[in-house]
Amino acid sequence: MKKVLAAILAAAIVLGLCSCAGEAGKENSSGADTIKIGYVNPTTGALAGNGEGCEWAVKQITDYVKEHPITVDGKEKTIDVKVYDSKSDQNTCTEMAQKLIEEDNIDLMIAIQTPNTVIPVAQVAERYGVPCIATQSPVDPLANSLDEFNWTYDFFYTLDEVYESQRALWEKAGYARGSKAKVGLLFANDTDGTSWHDLFTKRLAEDGYTVVDPGQYPSKTTDFTNVANKFKEEKIDLIAGTNIPPDFMNAYNAVIEAGVKIGCITMGKCCLLQSDVEALGDLADGIMTQVWWAPSNPFKSDLTGLDCKKINELYKKDNGRVMPQPTAFAYAGLELAVQAFKEAATTDKKAVYDAIGKLKCQTIVGAVDYSKKQKGLPYSSSVLTGGQWQRDKNGELNLVIIDNSLYPEIPLTGKYQEGNATTNKKS
Amino acid sequence: MSDKRLQRPVRVLDSLPMLIVCIAVVSVLYAVCLLRIASNNAMRYMIQIFLYITMGQMWNLLSGFAGMTSLGQQLYIGLAGYSVAIATAKLHLTLGVGLVMSVAVSVVVALVLSLLLFRMEGMYFSIATWVVAEAFEKLFLSWKYVEQGSGLTIRVVPYPKIEEICAVSLTVCVMSIAVVYLLLRTRTGLGLTAMRDNLTAASAVGVNVFNHKLLVYVIAAAFTAVSAGIFFVNKGIVYPESGFGISWTVSMIFIVTIGGSGTVSGPITGAVIYVFLQELLAHYPGWSNIILGAITILVIFFLPKGIMGTLQEKLRFEIFSAKRFSFAKHK
């Protein structure tokens with residue numbers, strides 16, 4: 001009896017899924033009138049924080065195009081964005097990218113959310129010859145992953161730019177070039193960490209800082225005692241690096257416990273979302289990070305006509321909090337996709353690829369102009385400013401833009417100030 | 001009622017007609033690949049199925065037939081992925097050489113590790129294999145030559161076509177089934193089954209336990225490596241986490257448990273189900289692992305012998321049986 005029940009149950013699950021998938025399939029295939037865009041998103045897993053807001057951005061752009069169809073191949077068309085979860089796993093990224101191309105017959109691929117997702121997805125797009133808009137992944141790691149790119153354009157900053165933006169923050173905190181200030185490095189040996197580490201060690205030495213390198217560590221390390229000891233021994237002045245939230249949290253706690261006096265701290269990746277920074281507790285305010293998008297940025301989408309402030313209000317209304325930076329890039333990536341089809345006026349892959357290269361438009365994260373090239377990869381730089389987490393009167397943490405030396409057109413929203421993270425106060 | 005069923009003879013389907021059917025099926029599959037009858041998408045499914053059958057078959061050989069439940073077969077998957085990547089990207093060799101290298105490296109590592117691992121049994125062996133795989137992941141994560149955690153791209157020009165990858169996967173898959181089937185029907189196969197059922201007793205009746213284990217472990221390493229090598233050629237890039245991750249073992253266990261541990265046909269059924277489920281579940285982000293887990297639990301609870309195991313027991317037949325005689329014939 002039990003077995004029969006189990007068999008029926010299992011069959012029900014499988015059949016249910018089949019029918020659902022069948023329906024989903026029908027919906028998609030209904031349209032010769034829809035343009036299909038593939039999107040691999042880290043919805044679950046370690047990068048889920050980055051993948052947040054993808055669904056919302058997809059809905060915004062899809063709804064917009066539904067109301068304002070674009071003329072492609074002589075017909076008015078809407079878009080259908082097919083999103084698959086990468087589970088933050090690189091094998092799944094490639095599998096899902098292949099599925100999008102072979103099964104869903106997409107016309108364009110969006111590769112987004114950190115090099116971990118972007119590199120595998122862009123590689124599949126290159127192999128299968130599908131135009132690919134890469135964004136929210138620094139240019140260097142992607143450019144290093146293949147000798148030439150015939151189908152991909154990246155839209156984000158280069159590592160040189162991120163270094164310069166962090167350097168501007170150290171200068172704000174009083175650690176000028178040539179000061180021989182001791183910089184303690186915190187880099188994991190993942191894709192991001194490795195490429196940042198190599199560039200930072202080189203440029204720090206050139207700029208007259210002293211590098212204190214405790215060595216890279218595997219991501220998800222929990223014991224940072226030797227890093228903390230090294231920092232203490234060398235009496236570091238400041239900490240620089242990029243990490244996922246758990247790594248930074250563990251390293252930071254170990255360093256503080258060891259009694260290291262820190263004059264300033266700049267950290268990439270883990271300090272983007274308010275929730276991640278709040279998890280650091282009292283020591284959160286004063287931490288500095290680079291900012292690629294803020295609601296106060298002066299950009300307006302050429303496609304939807306919304307500006308940063310308005311779009312943040314919309315997000316806040318639906319989700320109850322400030323729009324995260326990665327979500328802004330998800331929105332911008334989709335904007336670019338639609339712009340590319342508008343420009344190409346066809347779904348022919350080569351024509352779409354050429355059209356992306358010719359795009360010169362404003363998105364909510366800034367202007368796009370793919371005229372630069374690193375190795376074989378054409379890219380467009382996105383804006384980069386320096387921010388600091390500061391507490392307001394109510395004790396709420398806010399990311400305040402304190403440096404705009406790379407892009408002076410972006411307004412500052414505050415001034416550098418020492419916070420609890422500055423354990424070695426100057427004033 | 002169940003007594004009556006048990007009295008019914010077991011039909012072992014391994015006669016000449018079965019061989020002809022197998023040859024026919026394989027020939028049709030080859031034709032479908034090479035003459036490009038199947039669409040690229042169908043071939044994408046086929047490649048995954050063939051490779052998962054091979055990996056499942058090897059895990060089943062270790063766990064289901066020889067009683068060596070390894071949680072560390074991903075070690076050979078990672079090594080194979082990196083061998084192919086190093087051969088093509090760093091040493092500028094061809095893909096074929098890369099695949100041969102992946103097998104060679106895995107066999108050497110398996111031989112060396114066997115000295116260590118075979119001192120342990122049961123649970124201890126399982127944990128030790130996993131620990132070794134994790135250690136290798138950490139090693140590759142900090143190894144400058146393979147670009148640490150940045151991953152290594154497989155660089156070959158021109159990239160092999162999907163039908164070529166499909167045909168090679170099919171070849172490896174057929175070879176793996178044939179090797180397991182033939183191995184089980186030899187004296188060694190009997191020894192292995194004896195070992196699985198009771199190690200001490202097997203040793204007492206003269207089964208050379210170490211040699212048997214070594215043979216199976218090395219065969220498993222070699223086939224897992226070559227299938228993984230092809231897998232990564234199809235993917236294009238290998239990372240320490242994607243090569244040495246425990247999720248590989250989870251997939252293999254799923255395939256073998258669902259299909260039926262200790263049967264040759266089990267992993268074949270399991271792999272087909274696994275690949276289709278994976279593809280189907282991609283439409284439900286966030287839910288896929290929960291559903292996959294629920295199905296595994298249901299099967300373990302209610303069909304502990306897996307789908308093929310249960311079917312064979314109920315319907316009294318065996319495909320690719322390890323038995324060298326058929327009750328049906330003798331009656």
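This is a predicted model: local features need pLDDT of at least 70, side-chain atom pairs count only at pLDDT 80 or more; totals for chains, interfaces and linings use all residues.
**A salt bridge between the side chains of Asp369(A) and Lys360(A), 3.4 Å from N to O.** Residues are numbered from 1 along each chain as its sequence is written, chains are lettered from A and ligands numbered from 1 in the order in which they are written, and side-chain values use heavy atoms, with hydrogens and water left out. Lys360(A) is exposed at a relative accessible area of 57%, while Asp369(A), at 30%, counts as partly exposed; the classes are buried under 20%, exposed over 50% and partly exposed in between, with a 1.4 Å probe and protein chains only.

**A network of salt bridges linking Lys99(A), Glu103(A), Arg44(B) and Glu279(B).** Within chain A, the closest N and O atoms of Lys99(A) and Glu103(A) are 2.9 Å apart; Lys99(A) is buried, with a relative accessible area of 0%, whereas Glu103(A) is partly exposed at 24%. Within chain B, the side chains of Arg44(B) and Glu279(B) form a salt bridge at 3.1 Å from N to O. Arg44(B) belongs to helix α3 (residues 40-65) of chain B and Glu279(B) to helix α13 (residues 265-281) of chain B, so this pair ties together parts that are 235 residues apart in sequence. Helices (H or I, at least four residues) and strands (E, at least two) are DSSP runs numbered from the N terminus. Arg44(B) is buried at 2% relative accessibility, and Glu279(B) is buried at 4%.

**An open sheet of eight strands in chain A, with mixed pairing and the order β2-β3-β1-β4-β5-β6-β15-β14.** Strands β2 (70-72) and β14 (372-374) of chain A stand at the edges with a single partner strand each, so one side of each is left without a neighbour in the sheet. Neighbouring strands are turned by 35° against each other on average, direction ignored. Two strands are taken to pair if DSSP finds at least two bridges between them. By this criterion β1(A) and β3(A) pair in the parallel sense over eight bridges, with Asn41(A) opposite Asp85(A) of β3(A). In contrast, β2(A) and β3(A) pair in the antiparallel sense over three bridges, and Val72(A) stands opposite Lys75(A) of β3(A). The hairpin of β2(A) and β3(A) has two residues between the strands, and Asp73(A) takes a positive phi near 55° there.

**Helices packed on the sheet of chain A, α5 and α13, with the pairing of β4 and β5.** Strands β4 (residues 108-112) and β5 (residues 132-135) of chain A run parallel and are joined by four bridges, Ile112(A) having Thr135(A) of β5(A) as its bridge partner. Helix α5 (residues 114-128) of chain A touches β1 (34-41), β4, β5 and β6 (152-155) of chain A, and its direction makes about 155° with that of β4(A). Helix α13 (residues 325-344) of chain A touches β1, β2, β3 (75-85), β4, β5 and β6 of chain A, and its direction makes about 160° with that of β4(A). Contact means heavy atoms within 4.5 Å; axes are lines fitted to C-alpha atoms, for helices over the stretch in contact, and angles run from 0 to 180 degrees between N-to-C directions.

**Packing of helix α7 (residues 162-184) against helix α10 (residues 209-235) in chain B.** The axes are 10 Å apart and the angle is about 165°, and α7(B) and α10(B) are therefore roughly antiparallel to each other. Angles under 35 degrees count as roughly parallel, over 145 as roughly antiparallel, 65 to 115 as roughly perpendicular and the rest as oblique. The crossing of α7(B) with α10(B) is left-handed, a term used if the near helix is turned anticlockwise from the far one by less than a right angle, right-handed being used if clockwise. Among the residues that make the contact are Ile165(B), Val172(B) and Met175(B) of α7(B), together with Leu215(B), Phe223(B) and Ile230(B) of α10(B).

**Crossing of helix α12 (residues 247-259) and helix α14 (residues 288-302) in chain B.** Their axes come within 10 Å and cross at roughly 40°, which makes α12(B) oblique to α14(B). The crossing is left-handed, and the contact is made by Phe254(B), Thr257(B) and Ile258(B) of α12(B) with Leu292(B), Ile295(B), Thr296(B), Val299(B) and Ile300(B) of α14(B).

Key:
A salt bridge is a side-chain nitrogen of Lys or Arg within 4 Å of a carboxyl oxygen of Asp or Glu.
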